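User: I would like to learn how to read helix packing and chain contacts in a model. Could you take me through the general idea of each feature, and then the case at hand?

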2 protein chains.
Amino acid sequence: MSAEIITVGDELLTGEAVNTNAAYLAKKLQELGIDLCYQTSVGDDGLRLKKVFTQALSRSSIIVITGGLGPTKDDITKEVIAGVLERKMVVHKPTFMKIQNRLNKGRMNVTKSIQKVALCPEGAEILDNPVGTAPGIILTEGEKKIILMPGVPGELKSIVEQQLAPYLMRFREKNYMVKQQILKVWGLPESKVGDLLEDLMGESRNPLVGLRTKTDGIEISIIAKGGSPTSAGRLIERTEQKIKERLGDCVYATGDVSMEKVVGMLLSINKKTIAIAESITGGLISKKITDIPGSSQYFLEAVVSYSNDSKIRNLKVPQEVIKKHGAVSAQVCKAMATEIKSLSSADIGLATTGIAGPSGGTRTKPVGLTFIGLATENGYMVENYRFVGTRLTIRTRAAQAGLDMVRRYLIGVSNR
Amino acid sequence: MSAEIITVGDELLTGEAVNTNAAYLAKKLQELGIDLCYQTSVGDDGLRLKKVFTQALSRSSIIVITGGLGPTKDDITKEVIAGVLERKMVVHKPTFMKIQNRLNKGRMNVTKSIQKVALCPEGAEILDNPVGTAPGIILTEGEKKIILMPGVPGELKSIVEQQLAPYLMRFREKNYMVKQQILKVWGLPESKVGDLLEDLMGESRNPLVGLRTKTDGIEISIIAKGGSPTSAGRLIERTEQKIKERLGDCVYATGDVSMEKVVGMLLSINKKTIAIAESITGGLISKKITDIPGSSQYFLEAVVSYSNDSKIRNLKVPQEVIKKHGAVSAQVCKAMATEIKSLSSADIGLATTGIAGPSGGTRTKPVGLTFIGLATENGYMVENYRFVGTRLTIRTRAAQAGLDMVRRYLIGVSNR
């Protein structure tokens, strides 16, 4: 069965609201093994909704429509759909009673606009709304199912989880089970990953392998369809294995897990502590590490040394080294990493220094130039990078590269 | 001119990604006074994209398509659109040269997949991508404009702000001008703001006043329509004035400006420097301050003292004070603020300590309890808060409250 989502509301076409309902429903349908082909947003406009719905009827078997079921004048969804299907509107008594009871408790009268909420097209199945007034509505038209849902996210979710999802189970493709896996990659450009995985990619393949570039690296999605969870799972596993063989250590996470979470787990497992000296990243690495609950077990401290004075006073970087090589140099980075390690008595010292831009770059030290240093019991190392993009991108990538350096070191430690 | 948006990508139909590009573009078109009628999402599927695009051509004058311009096999947008419009694909030389230059710097070869990024349908106008490789593309078909944009949000925004928005200005509706203003509020609950502004709100009013609660406070949106920029602007101004009178200093920004930007401007204007001692916020305040270009002029340093040892060693907090009152206390917060100020010789010392959760709370010191301290030439003050929500929310609110404390102090300084 192919499905389609129509979301109704002016706020979606003015940019006031981000369409989280569409993402939520898409995810649900995916989990249920129902193939979603289109998603359309349209304003509170009867004529346009009619056009969009008529087209959906011609191409999809399951049509889920959210929004426009409320009491006000601009809520038009039920009336438009009833019009296209040539059905009368009738009062759904249990809904009417529920509204009346609720209003009586608040000593309020049943107004005409509230009565509207209890109206629905003839022949409807009703899905009770446990957290609001407007119920969900299922209409059957031949082989097709038309499902109307309220647009308030909490109400939508509540009805979907408790009633719609179990109802839709029966329409999942026969011999059809969808499983998805995410692999997260750092340290390779998208084009390189694309080349390495080219033979695994392509439109109608099973599993379907897709790439997305994000600020924190590349996300590889593997989606497999199979006759059973096991067979879909096996397809995923085989492809996952191939990808990991080809990309090696550059795959930093299996599943939608952040780099800081991976690093946190590795620090915990290996009982290592960390301290950080941040210049270009300005607190971002510490922020990311302390985003993770329980990070106080392995994160000791950070010094954000934006000024030279702070590098000299807090981190004991020799003034001559800054003078000779500049604050953005491998030498200063090395001093920052080794000093923060020894001052804090941490097992690992991490340091960053660079030029985030947009200004401050020179010919020899351009915007994006970044040094990342790691000091451990085995000594120190400094890597240098040239990140491209906005200040935000450069800083995010620098933080990610720093965390990745810690990750690679800890994998080595784990494997020893 | 009626417009329509098509967003392309499997991730939109599997629920992996929330469609923020659609919301962003919708907002831009609204600001430009261009009427957006439909928004459709479709997967990386050539046949379906072809159908959706063909229909869009039949009903809309401006079609903006995002996603699918990258180097990999599942990037199909350009090829499909060129097919429908019966245009050949040609190499756009400047884009090719740009990619080649960038790769040569990194000592990498131009692969076949990268060449694909430089291909575009014949007769295209090219919008340079300042932060990535795939450029924006404008195609003219009779009276219609077809606009292809990369799907990476940072790249999309960069091209839209610098090039597409000015280009689209000429298509705005005649005698129709929409102006929007944002006011940002910190320090009042939404219900209180709602009560204070009740008479200004309501569905079909002009200007339309709306409230949204976000982690960084409340956002008030004022949207006015008028026959000219001046008349719409006048409507906005009058309402903005009323709101500011009623909410006073709690309005921290006019326009979509972050608290850290406001604080940065106030520090610059007043020629003051700041240093920070962060415990509960774990680097977040420093990260926010250094997000702003030029922050090295006023931000000296931060110490993220997660461990007691770091509070004692780096911040000279007396061990007895920690022992007697605990690390999360007004006394420790005061010591952190005054010490970071004196150690760094900054004009302002800011400190945070608290319990971010999810674990670590007690009956007397529950999760969310936060102390924020400010040390200045006038002495020090400590405020205490009890934030509610997830670890993320608590940390974000603590950072926002800390920055706001600096803001309020600096407004006092400015007004002296």
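Analyst: Please keep in mind that this is a predicted model. Let us begin with the crossing of α3(A) and α4(A), which is right-handed.

User: How are two packed helices described, and at what angle do the axes of helix α3 and helix α4 of chain A cross?

Analyst: Two packed helices are described by the angle between their axes and by the distance between those axes. Here the axes of helix α3 (residues 46-59) and helix α4 (residues 77-84) of chain A come within 10 Å and cross at roughly 50 degrees, and α3(A) and α4(A) are therefore oblique to each other.

User: Which residues of α3(A) and α4(A) meet?

Analyst: From α3(A), Gly46(A), Leu49(A), Lys50(A), Phe53(A), Thr54(A) and Leu57(A) meet Thr77(A), Val80(A), Ile81(A) and Val84(A) in α4(A). The residues of this contact divide into six nonpolar, three polar and one charged.

User: At what angle do helix α2 and helix α7 of chain A pack?

Analyst: Helix α2 (residues 20-32) and helix α7 (residues 153-168) of chain A pack at about 15 degrees, with their axes 11 Å apart. Angles under 35 degrees count as roughly parallel, so α2(A) and α7(A) are described as roughly parallel to each other, and their crossing is right-handed. Among the residues making the contact are Tyr24(A), Leu25(A) and Leu29(A) of α2(A), together with Leu156(A), Val160(A) and Ala165(A) of α7(A). By class, the contact of α2(A) with α7(A) has nine nonpolar, one polar and three charged residues.

User: How is the size of an interface given, and what area is buried between chain A and chain B?

Analyst: The size of an interface is often given as the accessible area lost when the parts come together. Between chain A and chain B the buried area is about 5900 Å², of which carbon and sulfur atoms give 53%. On the chain A side, Leu13(A), Tyr38(A) and Tyr306(A) lose the most area to chain B, together 10% of what that side buries. The contact takes 82 residues from chain A and 75 residues from chain B.

User: How many salt bridges are counted between chain A and chain B?

Analyst: Side chains of opposite charge can pair when their charged atoms come close. The count between chain A and chain B is five salt bridges, and over all chains it comes to 38. One salt bridge joins Glu301(B) and Arg313(A), with the closest N and O atoms 2.6 Å apart. This pair crosses between chains, from Glu301(B) in strand β14 (residues 299-305) of chain B to Arg313(A) in helix α12 (residues 308-315) of chain A. Arg313(B) likewise forms a salt bridge with Glu301(A), the closest N and O atoms being 2.6 Å apart.

How values were computed
Residues numbered from 1 in each chain as written. Chains lettered and ligands numbered in written order. Predicted model: local features only at pLDDT ≥ 70, side-chain atom pairs only at ≥ 80, totals over all residues. Heavy atoms only, no water. Axes fitted to C-alpha atoms, helices over the stretch in contact; angles between N-to-C directions. Helix = DSSP H or I, 4+ residues; strand = E, 2+ residues; numbered from the N terminus. Parallel < 35°, antiparallel > 145°, perpendicular 65-115°, else oblique. Left-handed = near helix turned anticlockwise from the far one by under 90°. Contact = heavy atoms within 4.5 Å. Nonpolar A, V, L, I, M, F, W, Y, C, P; charged D, E, K, R; others polar. Buried area = accessible area lost by both parts, 1.4 Å probe. Salt bridge = Lys/Arg side-chain N within 4 Å of Asp/Glu carboxyl O.
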